[in-house]
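Open the model in your viewer and keep the selection tool ready.

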Amino acid sequence: MSRFLCVLRSWLLMVSVIAAGNTLQCFRDYSFVSEKLYTASPGLVNGLQARTFGIWTLLSSVVRCLCALDIRNQTLYYITLFTFFMALAHFLSEVFIYHTAALTMGIMAPLMVASFSILGMLIGLQYLEVEALSQNKKKN
């Protein structure tokens with residue numbers, strides 16, 4: 001496996017663990033969501049919304065962890081890539097369309113993680129294709 005894919009796997013695992021931690025914070029105290037993410041409209045955040053956000057974050061965490069463990073699984077790879085596109089679209093829409101979030105560090109962090117992850121996974125696709133071609137040549 002290429003060095004880049006090894007780094008990408010580590011990155012996905014790290015992002016997954018951080019997301020699992022964020023999930024716990026959403027369930028422990030819903031003010032985490034209003035104080036860190038939806039700072040422009042904290043009154044709209046309640047316990048139900050925070051727990052729903054926590055479950056969405058947990059699902060993303062599990063998908064990303066599974067991709068880190070089985071990075072050659074093409075279907076799982078694309079699903080994982082899609083989770084980052086969804087996160088990016090969600091946070092950008094909350095800032096620029098719905099105005100429930102402001103560009104604070106609490107929002108900038110997930111925007112940067114999603115953007116770097118999308119870039120890394122798009123680059124990783126090239127490495128996976130090269131790896132697949134070399135495996136086919138060895139079989140023939």
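Start at Ile-55, in helix 3 (helices are DSSP runs of H or I, at least four residues, numbered from the N terminus). Ile-55 is partly exposed, at 47% relative accessible area (between 20% and 50%, 1.4 Å probe, protein chains only).

This is a predicted model: local features need pLDDT of at least 70, side-chain atom pairs need 80 or more, and totals for chains, interfaces and linings use all residues. Residues are numbered from 1 along each chain as its sequence is written, and side-chain values use heavy atoms, without hydrogens or water.

Helix 3 (residues 47-69) gives the most to the patch, five residues.

Next, the largest pocket, about 470 Å³. Select Ala-19, Asn-22, Thr-57, Phe-91 and Pro-110, the closest to its centre of 23 lining residues. A pocket is an open set of points on a 1 Å grid, with protein on both sides within 12 Å along at least five of seven lines; lining residues have an atom within 4 Å of a point. The lining divides into 17 nonpolar, four polar and two charged residues.

Last stop: the second largest pocket, about 220 Å³. Select its lining, including Arg-72, Tyr-77, Leu-125 and Gln-135. Helix 5 gives the most here, six residues.

Note on methods:
Helices (H or I, at least four residues) and strands (E, at least two) are DSSP runs, numbered from the N terminus. On a 1 Å grid over the protein atoms alone, a cavity is a set of points where a 1.4 Å probe fits but cannot get out, and a pocket is an open set with protein on both sides within 12 Å along at least five of seven lines; lining residues have an atom within 4 Å of a point. Grid points are joined across faces, edges and corners, and a volume is the space filled by probe spheres set on the points. Ala, Val, Leu, Ile, Met, Phe, Trp, Tyr, Cys and Pro count as nonpolar, Asp, Glu, Lys and Arg as charged, and the others, Gly among them, as polar.
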